[in-house]
Amino acid sequence: MKLTDELWAAAEPVYRQILDHPFLTGLADGTLPRAAFRHFVVQDSHYLRDYARALAVCAAKAPTDDQVLAFANDAVGAIAAERQMHAEFMSALGGPGGVDAEPVLPTTRAYTSYLLATVYGGSFAEALGAVLPCYWIYARVGEELARHSSPEPLYAKWIAAYGGEEFQQVVRRVLALTDRLGEELSPTERARVLDHFTTTSRYEWMFWDAAWRGETWPV
């Protein structure tokens, strides 16, 4: 079995719950409260800064020059997305202060802490397993929602960014690398990759759920 087939088989139940989550159904039909979307955008901006760091570590651990370049470029792209698309969203959404004035909330902190601990402490394969859901699940969600987009222009723009061919090509490249790497892994390391991938897939669901609930620090 290809590694990507094994990984997706483990994550598909989580992905199905992601698609059924009221945050995403509201994004698609335009009924998502703007406050929930703003919460998501703020936390996603915080998240992407650490995700870029995680990708930079993947680049440092990558075994070939092409992979170093690819992950380094993806790290730059993550920062560019945070600065450009999120700035446009925040301009449209308004509210007091900017992203930097708002705290990193519990789910974001937990997700990025796990991500960074894994990429710094694990092998290249483990690091790839941890960062992969943010590529792959967003691509699958974007592709699915792009079938009908959204009547709300702001939400339609988000859907187009992840459902578009440019992002899909990036994800196909990372998936092809994952399968090549999978051929070289021992059963033990393959299991570690699967565990990290499943964990961060669950964090993806939790991230959207936190925005839907308007999560704050309890104390």
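**Close-up A. The lining of the largest pocket, sorted by residue class.** By class, 15 nonpolar, four polar and six charged residues make up the lining of the largest pocket. Please keep in mind, here and in every view below, that this is a predicted model. The volume of the largest pocket comes to about 670 Å³. Two or more lining residues come from each of α3, α4 (65-93), α6, α7 and α8 (165-182). Helix α4 gives the most to this lining, with nine residues.

**Close-up B. The largest cavity and the residues around it.** How many cavities of 30 Å³ or more does a search of the whole structure find? The search finds one, and the space in the largest cavity is about 30 Å³. Its lining is made of H39, Q43, L105, T107, T108, F207, A210, A211 and E215. Sorted by class, these are four nonpolar, four polar and one charged. Helices α3 (34-61), α5 (106-121) and α9 (187-213) each supply at least two of the lining residues. Among the elements, α9 gives the most, with three residues.

**Close-up C. Q43, a residue of the cavity lining.** Here we zoom in on Q43, one of the residues that line the largest cavity. Q43 is placed in helix α3. Is Q43 buried or exposed? With a relative accessibility of 4%, Q43 counts as buried, since the cut-off for buried is under 20%. Leaving aside residues up to four places away in sequence, Q43 touches P103, V104, L105, T108 and F207. Of these partners, L105, T108 and F207 also belong to the cavity lining.

**Close-up D. A salt-bridge network that includes a residue of the cavity lining.** D209, R213 and E215 are linked in a network of salt bridges. E215 is also among the residues that line the largest cavity. D209 is buried, at a relative accessible area of 14%, while R213 counts as partly exposed at 49%.

Close-up E. The structure holds 13 salt bridges, and one of them joins the side chains of E152 and R34 at 3.3 Å, N to O. Why does this pair tie together parts that are 118 residues apart in sequence? The reason is that E152 lies in the loop between α6 (124-145) and α7 (153-163), whereas R34 is in helix α3. E152 counts as buried, with 18% relative accessibility, and R34 counts as partly exposed, with 40%.

Close-up F. S149 has its place in the loop between α6 and α7. What is worth a look here is the backbone: phi of S149 is near 55°, a positive value in a residue other than glycine. At 24% relative accessibility, S149 counts as partly exposed. For another charged pair, turn to E144 and R147, whose side chains meet in a salt bridge of 3.2 Å, N to O. E144 is partly exposed, with a relative accessible area of 32%, and R147 counts as exposed at 57%.

**Close-up G. F37 and its surroundings in the largest nonpolar core.** The largest nonpolar core has 72 residues. Which residues have the most contacts inside this core? They are F37 and W158. Among the elements, α6 gives the most to this core, with 15 residues. Around F37, and not counting residues up to four places away in sequence, the residues touched are F23, L27, L32, F89, L93, L154, Y155 and W158. The two residues with the most contacts inside the core, F37 and W158, therefore also touch each other, as contact means heavy atoms within 4.5 Å.

How values were computed:
Residues numbered from 1 in each chain as written. Predicted model: local features only at pLDDT ≥ 70, side-chain atom pairs only at ≥ 80, totals over all residues. Heavy atoms only, no water. 1 Å grid on protein atoms, 1.4 Å probe; cavity = no way out; pocket = protein on both sides within 12 Å on 5 of 7 lines; lining within 4 Å. Points joined across faces, edges and corners; volume = space filled by probe spheres on them. Helix = DSSP H or I, 4+ residues; strand = E, 2+ residues; numbered from the N terminus. Nonpolar A, V, L, I, M, F, W, Y, C, P; charged D, E, K, R; others polar. Salt bridge = Lys/Arg side-chain N within 4 Å of Asp/Glu carboxyl O. Buried < 20%, exposed > 50% of the residue type's maximum accessible area, 1.4 Å probe, protein only. Core = buried A, V, L, I, M, F, W, Y, C linked by side-chain atoms within 4.5 Å.
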